[in-house]
Amino acid sequence: MTFNTVQHYLVHTIRTSFSSFDRFLLLLATIIGIFYLPTWLTVIIRGIINGGSDCIINFGFLALAGQVLWRDRDILKTWKTNEEDRLIAHLIIISGILIFPFIRNSVSFQAVTFAWILTGVFLGQWGLKFFEKYAFQFLLILTAIYPDLPFIAIRVFRFFTGENLLERLMAWWGSWGLRVMGQQAVANSDLVTLPAGSVQVAPGCSGFAMAFTLAGTGLILGLFMALSSKKTALLITSGIAISLIFNVPRIMLLANAAVYWGEKSFEFWHGTWGGQIFASVMFTVYYYVAMAIIDSNAKKAKRARTARRRLLAQ
């Protein structure tokens with residue numbers, strides 16, 4: 001595609017955007033999306049640099065929703081919205097556009113406002129029946145719009161479990177692991193105490209973020225491969241279990257690094273490179289576990305097809 005072709009397409013799009021009020025609002029909503037995209041990408045990229053992997057959930061959810069909507073694009077082209085839905089959609093989009101310039105300092109408010117605008121766009125394009133037929137895909141899109149999903153998830157988790165529950169558990173399991181290795185370690189709340197000093201299990205070291213990521217990965221795999229709810233739940237729970245189990249030796253390593261090996265060693269294992277090493281090992285183990293679960297599902301399906309063929313052949 002040449003530059004002249006792109007230029008011609010943009011000029012044509014802008015001109016047609018002024019042909020009706022609906023198209024004009026759609027253009028303004030697109031501009032808001034262009035302004036929000038750098039913020040979304042910045043948070044995503046910063047998370048990757050800091051050793052996070054939760055962006056898999058954002059991109060996976062968008063792919064899942066996009067796959068279905070693209071498949072049904074010809075059906076969606078035939079849908080028309082009524083005047084009542086269109087009027088409500090206009091009010092939603094206009095209110096979101098007016099609010100957006102005043103909440104630029106907050107990523108969360110930007111995400112919520114853009115989600116609000118997208119709701120108006122979908123309502124204006126396809127009416128309420130879009131939300132009836134594609135409610136799950138719409139929910140996936142709204143979830144993926146927020147760039148820091150663990151930030152929300154940890155607050156929901158703490159609302160039901162209280163503060164520092166997972167940190168205290170990790171300190172207890174870490175100290176138990178150190179005692180198994182022959183070291184004198186004691187857990188005191190969220191502290192792992194050794195004879196030469198103590199280290200705190202901070203929220204970033206609780207294992208929650210990776211558990212959330214592997215749980216989301218399991219959900220995405222289950223949905224993409226159309227697995228049964230039982231198999232999908234098994235992928236999710238195995239991801240959570242693997243992440244928490246692997247976080248225990250990480251706590252043990254960090255405790256030794258902080259107390260005995262020096263600041264540089266601690267910063268390495270606590271930083272991006274150390275986090276990526278643990279994440280790589282975890283994802284490798286989870287890959288083989290997930291493939292075993294998926295292969296067992298495929299083998300059962302193959303045996304069922306073979307049984308049906310034999311039954312028909314009789």
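My notes on the model follow, one topic per entry.

**Entry 1: the whole chain**

First reminder to myself: this is a predicted model. I looked up the secondary structure and got 14 helices and three strands for the protein chain. The chain has 314 residues, and 41% of them are buried. Next I checked how far apart in sequence the contacting residues sit. Taking contacts with a separation of 6 or more, 70% are between residues 24 or more positions apart.

**Entry 2: the largest pocket**

I asked for pockets next. The largest pocket holds about 930 Å³ of space. It is lined by 38 residues, and the ones closest to its centre are Asn50, Gly52, Asp54, Gly204 and Ala209. Which elements give two or more residues to this lining? I found five helices on the list: H2 (21–49), H9 (149–161), H11 (208–224), H12 (229–261) and H14 (272–313). Sorting the lining by class, I got 17 nonpolar, 15 polar and six charged residues.

**Entry 3: the second largest pocket**

This one has a volume of about 460 Å³. I noted 20 lining residues, with Ile57, Ala153, Phe212, Ala215 and Gly216 closest to the centre. At least two lining residues come from each of helix H3 (55–71), helix H8 (135–145), H9, H11 and H12. Which helix gives the most? That is H11, with six residues. By class, the lining of the second largest pocket comes to 18 nonpolar and two polar residues, with no charged ones. For the largest pocket, my note above has six charged residues in the lining.

**Entry 4: cysteines**

I looked for disulfides and the count came to zero. A disulfide would be a covalent bond between the sulfur atoms of two cysteines. Cysteine 55 is buried because its relative accessible area is 12%, under the 20% cut-off. Cysteine 205 has 6%, so it counts as buried by that cut-off too.

Serine 189 has phi near 60 degrees, which is positive, and it is not a glycine. I placed serine 189 in the loop between strand S1 (186–188) and strand S2 (191–194). Is serine 189 buried, partly exposed or exposed? It is partly exposed, with a relative accessibility of 43%. Alanine 226 is the other entry, with a positive phi of about 55 degrees. Alanine 226 lies in the loop between H11 and H12. Its relative accessibility is 66%, so alanine 226 is exposed.

**Entry 5: around the strands**

I started from valine 186, which lies in strand S1. Which residues does valine 186 contact, leaving aside neighbours within four places in sequence? I wrote down Ser175, Arg179, Leu191, Val192 and Thr193.

Then I went on to proline 195, in the loop between S2 and strand S3 (197–200). Proline 195 is exposed, because its relative accessibility is 58% and the cut-off for exposed is over 50%. Not counting residues up to four places away in sequence, proline 195 touches Gln184 and Tyr260. I also took the C-alpha separation between proline 195 and valine 259, and got 9.0 Å for a pair 64 residues apart along the chain.

**Entry 6: a buried asparagine**

Last one for today is asparagine 58, in helix H3. Why does asparagine 58 count as buried? Its relative accessible area is 0%, so it falls in the buried class. Leaving aside neighbours within four places in sequence, I listed Trp40, Ile44, Thr143, Ala144, Tyr146, Pro147 and Leu149 as the contacts of asparagine 58. Tyrosine 146 is 88 residues from asparagine 58 along the chain, with 7.9 Å between their C-alpha atoms.

Key
Residues numbered from 1 in each chain as written. Predicted model: local features only at pLDDT ≥ 70, side-chain atom pairs only at ≥ 80, totals over all residues. Heavy atoms only, no water. Helix = DSSP H or I, 4+ residues; strand = E, 2+ residues; numbered from the N terminus. Buried < 20%, exposed > 50% of the residue type's maximum accessible area, 1.4 Å probe, protein only. Contact = heavy atoms within 4.5 Å. 1 Å grid on protein atoms, 1.4 Å probe; cavity = no way out; pocket = protein on both sides within 12 Å on 5 of 7 lines; lining within 4 Å. Points joined across faces, edges and corners; volume = space filled by probe spheres on them. Nonpolar A, V, L, I, M, F, W, Y, C, P; charged D, E, K, R; others polar. Disulfide = S-S within 2.5 Å.
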